[in-house]
Amino acid sequence: MKENESVKKYLAEFIGTFVLVLFACGAACVLGCDTRAGYLAVALSFGLVIVAMAYSIGNISGCHINPAVSLAMFISKKMSLEDFIGYVIAQFLGATAGAGVLAYLVGKDSGLGINSIAGYGWCKSFVVEVILTFVFVLTILGVTSKESYSSVAGIVIGLSLTLVHLLGIRFTGTSVNPARSFGPAVIVGGDQLKGLWVFIVAPLVGGVLAAFCYKFLADKQGK
């Protein structure tokens, strides 16, 4: 029975990450970020996907659909090591599948919404991703800390993802999610794999920092 429940959670994470890459990265391919309207629409697309998934699979898996979020939850002792591993595998597979379908629909030449360090170098890109992920994950930890927040949690998390995209798109395209970056980069291949490590390591660092920061703040308040 427990194994069956775990499989459902992993499947939910696979579906959620698949939808995130297909629809949000797909919006980036279709709309582009060359205009203010396109820039805003892409940022909103990422946030809206999170809202949609939070209220559809949130009650099944918690709707992490992001290894950085899962790592923060594991550090916060809100999930087991077994589930953490299962979640991360499902997320990477879902993102890759989503990117594969997107490539079929719009072609690899569209870029599939990949993240890039080309404009600002790896160092600045790393710092940007750490900061963006820290803010995003800290918001998630805060809004999921009380049952009374559950009715608005999906909206708050979706808006926070929109927020970090509004700043981050200009710098890196905004990752804050190792799986979201991995899928498109692997499908496109070639030179796109060179800077991929930044978008895997930096969000994980941001997630860890957020987990310990929130723990410190919550402990200080006696929670």
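Student: Is the crossing of α4 and α7 right-handed or left-handed?
Tutor: In this predicted model, helix α4 spans residues 81-106 and helix α7 spans residues 178-188. Their axes come within 8 Å. The hand of the crossing of α4 and α7 is right-handed.

Student: At roughly what angle do the axes of α4 and α7 cross, and are the helices parallel, perpendicular or oblique?
Tutor: Two packed helices are described by the angle between their axes and the distance between the axes. For α4 and α7 the angle is roughly 45 degrees. Angles under 35 degrees would count as roughly parallel and those from 65 to 115 as roughly perpendicular. The two helices α4 and α7 are therefore oblique.

Student: Which residues in α7 are met by α4, and how do the residues of this contact divide into nonpolar, polar and charged?
Tutor: From α4 the contact draws on Gln91, Phe92, Ala95, Thr96, Ala99, Gly100 and Ala103. In α7 they meet Pro178, Ala179, Arg180, Phe182, Gly183, Pro184 and Ile187. The residues of the contact divide into nine nonpolar, four polar and one charged.

Student: Where is His64 found, and is His64 buried or exposed?
Tutor: His64 lies in the loop between α2 (36-61) and α3. Its relative accessibility is 11%, and buried means under 20%. His64 therefore counts as buried.

Student: Which residues does His64 touch, not counting those up to four places away in sequence?
Tutor: Gln91, which is among the α4 residues that meet α7, is also touched by His64. With those up to four places away in sequence left out, the residues that His64 touches are Glu13, Val69, Ser70, Met73, Met79, Tyr87 and Gln91.

Student: What is the phi of Lys77, and is Lys77 buried or exposed?
Tutor: Most residues other than glycine have a negative phi. Lys77 is not a glycine, yet its phi is positive, at about 60 degrees. Lys77 sits in the loop between α3 (67-75) and α4. With a relative accessible area of 77%, Lys77 is exposed.

Student: Where is Val176, and what is its relative accessible area?
Tutor: Val176 has a positive phi of about 50 degrees and is not a glycine. The residue belongs to the loop between α6 (150-168) and α7. Val176 is buried, and its relative accessible area is 1%.

Student: How many salt bridges does a search of the whole structure find, and what is the N to O distance between Glu5 and Lys8?
Tutor: The search finds four salt bridges. Glu5 and Lys8 are three residues apart in helix α1 (residues 2-31), so about one helical turn separates them. Glu5 is partly exposed at 34% relative accessible area, and Lys8 is partly exposed at 43%. Their side chains meet in a salt bridge with an N to O distance of 4.0 Å.

Student: How many residues apart are Lys215 and Asp219, and what is the N to O distance of their salt bridge?
Tutor: Both residues are in helix α8 (residues 196-220), four residues apart, so they are separated by about one helical turn. Lys215 is partly exposed at 48% relative accessibility, and Asp219 is partly exposed at 45%. The N to O distance of the salt bridge between Lys215 and Asp219 is 3.1 Å.

Methods: Residues are numbered from 1 along each chain as its sequence is written. This is a predicted model: local features need pLDDT of at least 70, side-chain atom pairs count only at pLDDT 80 or more; totals for chains, interfaces and linings use all residues. Side-chain values use heavy atoms; hydrogens and water are left out. Axes are lines fitted to C-alpha atoms, for helices over the stretch in contact, and angles run from 0 to 180 degrees between N-to-C directions. Angles under 35 degrees count as roughly parallel, over 145 as roughly antiparallel, 65 to 115 as roughly perpendicular and the rest as oblique. A crossing is left-handed if the near helix is turned anticlockwise from the far one by less than a right angle, and right-handed if clockwise. Contact means heavy atoms within 4.5 Å. Ala, Val, Leu, Ile, Met, Phe, Trp, Tyr, Cys and Pro count as nonpolar, Asp, Glu, Lys and Arg as charged, and the others, Gly among them, as polar. Buried means under 20% relative accessible area, exposed over 50%, partly exposed in between (1.4 Å probe, protein chains only).
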